[in-house]
Amino acid sequence: PLSCAEAPVRIVSSNEETPHTYVAGQRVELWCQLSRAEAPVRWYKDGEEVEEGESLVLEREGPRCRLVLPCARLQDTGEFICDTGDAAVSYHIMVAGG
């Protein structure tokens, strides 16, 4: 029998359906709620794993994962993916000039 720890990690909810259209300089926040608090996730942008820095912050509160762009830039336009290994959710971000 499978133990609970081996159950697939589901993405319970997210804001992927929100229209993610921003103006340069706006704060962007992508979030998803996982079925398990300690489940590892990886974030990707256009197929490449993201790196944290001043322009991109990854936050974690229990089962809720967030990717925050404190100040959106034109080059942030693209597809972001939050991947748990068992499930993934994708967000299409559009950043327009201010």
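Mentor: Begin with the surface. This is a predicted model, and the protein chain has an accessible surface of about 5,800 Å², with 51% of that belonging to carbon and sulfur atoms.

Trainee: What does the C-alpha trace span along its principal axes?

Mentor: The trace of the protein chain spans about 55 × 25 × 20 Å. Of its 98 residues, 31% count as buried.

Trainee: How many positive and negative side chains does the protein chain have?

Mentor: There are 9 positive and 17 negative ones, and the centres of the two sets lie 4 Å apart.

Trainee: Next, secondary structure. How many helices and strands are there?

Mentor: The protein chain has nine strands and zero helices.

Trainee: How are strands arranged in the open sheet?

Mentor: A sheet is read by its strand order and by the sense of pairing. Here five strands form an open sheet in the order 2-9-8-4-5, and the pairing is mixed. Strand 2 (21–23) and strand 5 (48–49) are the edge strands, since each pairs on one side only.

Trainee: In which sense do strand 8 and strand 9 pair?

Mentor: Strand 8 (residues 78–83) and strand 9 (residues 88–96) are antiparallel, with six bridges between them.

Trainee: Which residues have the most contacts inside the largest nonpolar core?

Mentor: They are Leu-30, Trp-43, Leu-67, Phe-80, Tyr-91 and Ile-93, in a core of 20 residues. At least two residues of this core come from each of strand 3 (28–34), strand 7 (64–69), strand 8 and strand 9.

Trainee: What does Phe-80 touch?

Mentor: Leaving aside residues up to four places away in sequence, Phe-80 touches several residues, including Leu-30, Leu-67, Tyr-91 and Ile-93. Val-50, Leu-56 and Val-89 are also among its contacts.

Trainee: What share of contacts in the protein chain join residues at least 24 apart?

Mentor: The share is 58%, taken among contacts between residues at least 6 apart in sequence.

Trainee: Last, a loop residue. Is Gly-47 buried or exposed?

Mentor: Gly-47 is exposed because its relative accessibility is 63%, and the cut-off is over 50%. Gly-47 sits in the loop between strand 4 (42–45) and strand 5. Its C-alpha atom is separated by 17 Å from that of Leu-30, and the two residues are 17 residues apart along the chain.

Terms used
Residues are numbered from 1 along each chain as its sequence is written. This is a predicted model: local features need pLDDT of at least 70, side-chain atom pairs count only at pLDDT 80 or more; totals for chains, interfaces and linings use all residues. Side-chain values use heavy atoms; hydrogens and water are left out. Two strands pair if DSSP finds at least two bridges between them. Helices (H or I, at least four residues) and strands (E, at least two) are DSSP runs, numbered from the N terminus. Buried means under 20% relative accessible area, exposed over 50%, partly exposed in between (1.4 Å probe, protein chains only). Contact means heavy atoms within 4.5 Å. Accessible areas come from the Shrake-Rupley method with a 1.4 Å probe; for residues, only the protein chains shown count as cover. Lys and Arg count as positive and Asp and Glu as negative; His and the chain ends are not counted. The place of a charge is taken as NZ of Lys, CZ of Arg, CG of Asp or CD of Glu. A nonpolar core is a set of buried Ala, Val, Leu, Ile, Met, Phe, Trp, Tyr and Cys residues joined through side-chain atoms within 4.5 Å.
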